[in-house]
Amino acid sequence: MTNHSELISATHACAAAPDATALLPELRNWFAEHGRDLPWRAPETTAWGVLVSEVMSQQTPVARVAPQWLEWLERWPTPQDFAAASQADVLRAWGRLGYPRRALRLWECAQAIVARHNGVVPRDVDELLALPGIGDYTARAVACFAFGVNVPVVDTNVRRVYSRAWSGQFLAPQPAKKQLAQVGELLADGRGPQTSVALMELGALVCTARSPQCS
């Protein structure tokens with residue numbers, strides 16, 4: 001069993017190591033043991049479910065998102081179901097998640113998926129980016145976590161962990177292609193989805209912005 005302090009010690013050691021990817025197997029093992037049991041991480045979650053979780057989780061605590069996500073997917077399990085909903089129903093169901101504009105953009109996104117992709121969430125990052133309300137992070141997250149595409153996914157947690165463990169500098173909120181390529185070097189073993197979710201979880205639970213549980 002790997003505890004938090006052992007992993008962080010390994011992180012500091014790895015920062016000076018010639019091969020910065022040496023930490024990654026240990027990081028993934030840590031996630032397998034300590035990762036939160038979030039409903040959208042279930043193997044049977046559809047690409048639509050992943051997309052909804054990513055939109056809901058923007059600027060909203062996971063604890064508030066989880067029950068809402070379950071209700072949402074039970075009511076609207078596919079983009080077709082959601083696209084057919086009324087605007088009033090959409091806003092009512094969004095409830096206390098905040099920033100209701102996100103709900104409307106997701107509604108527009110579902111309509112575009114139906115119109116352009118026959119109701120099937122696309123796996124290509126560029127096609128995802130062309131959907132209403134889908135930014136670079138969300139497009140990469142859906143491609144990575146729903147379809148297993150080996151692309152770097154960089155959120156606030158990943159930026160923080162990457163800066164502390166590898167680069168020494170924070171990545172920009174919207175990383176340039178060069179910075180994405182640098183993070184992409186950590187995915188060279190082809191296990192991008194597992195590595196990315198583990199990096200996010202480490203940043204959320206251990207390598208936090210304030211009072212990190214590091215030695």
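Tutor: A disulfide, as counted here, is a pair of cysteine sulfur atoms within 2.5 Å, and by this rule the count in this predicted model comes to zero disulfides. In general terms, a disulfide is a covalent bond between the sulfur atoms of two cysteines. As for the cysteines themselves, Cys109 has a relative accessibility of 0% and therefore counts as buried, and Cys144, at 1% relative accessibility, counts as buried because the cut-off for that class is under 20%.

Turning to the aromatic rings, the structure holds six aromatic pairs. In one of them, the rings of Trp72 and Phe82 have their centres 5.1 Å apart while their planes meet at 55 degrees, so this pair is classed as tilted. Because Trp72 belongs to helix 4 (residues 62-75) and Phe82 to helix 5 (residues 79-83), the pair ties together parts that are 10 residues apart in sequence. Trp72 and Phe82 are both buried.

Phe82 also forms an aromatic pair with Trp76, and this pair is tilted, with 5.1 Å from centre to centre and 55 degrees between the planes. Trp76, like Phe82, is buried.

Definitions and conventions. Residues are numbered from 1 along each chain as its sequence is written. This is a predicted model: local features need pLDDT of at least 70, side-chain atom pairs count only at pLDDT 80 or more; totals for chains, interfaces and linings use all residues. Side-chain values use heavy atoms; hydrogens and water are left out. Rings of Phe, Tyr and Trp (its six-membered ring) pair if their centres lie within 6.5 Å; planes under 30 degrees apart count as stacked, over 60 as edge-to-face and the rest as tilted. Helices (H or I, at least four residues) and strands (E, at least two) are DSSP runs, numbered from the N terminus. Buried means under 20% relative accessible area, exposed over 50%, partly exposed in between (1.4 Å probe, protein chains only).
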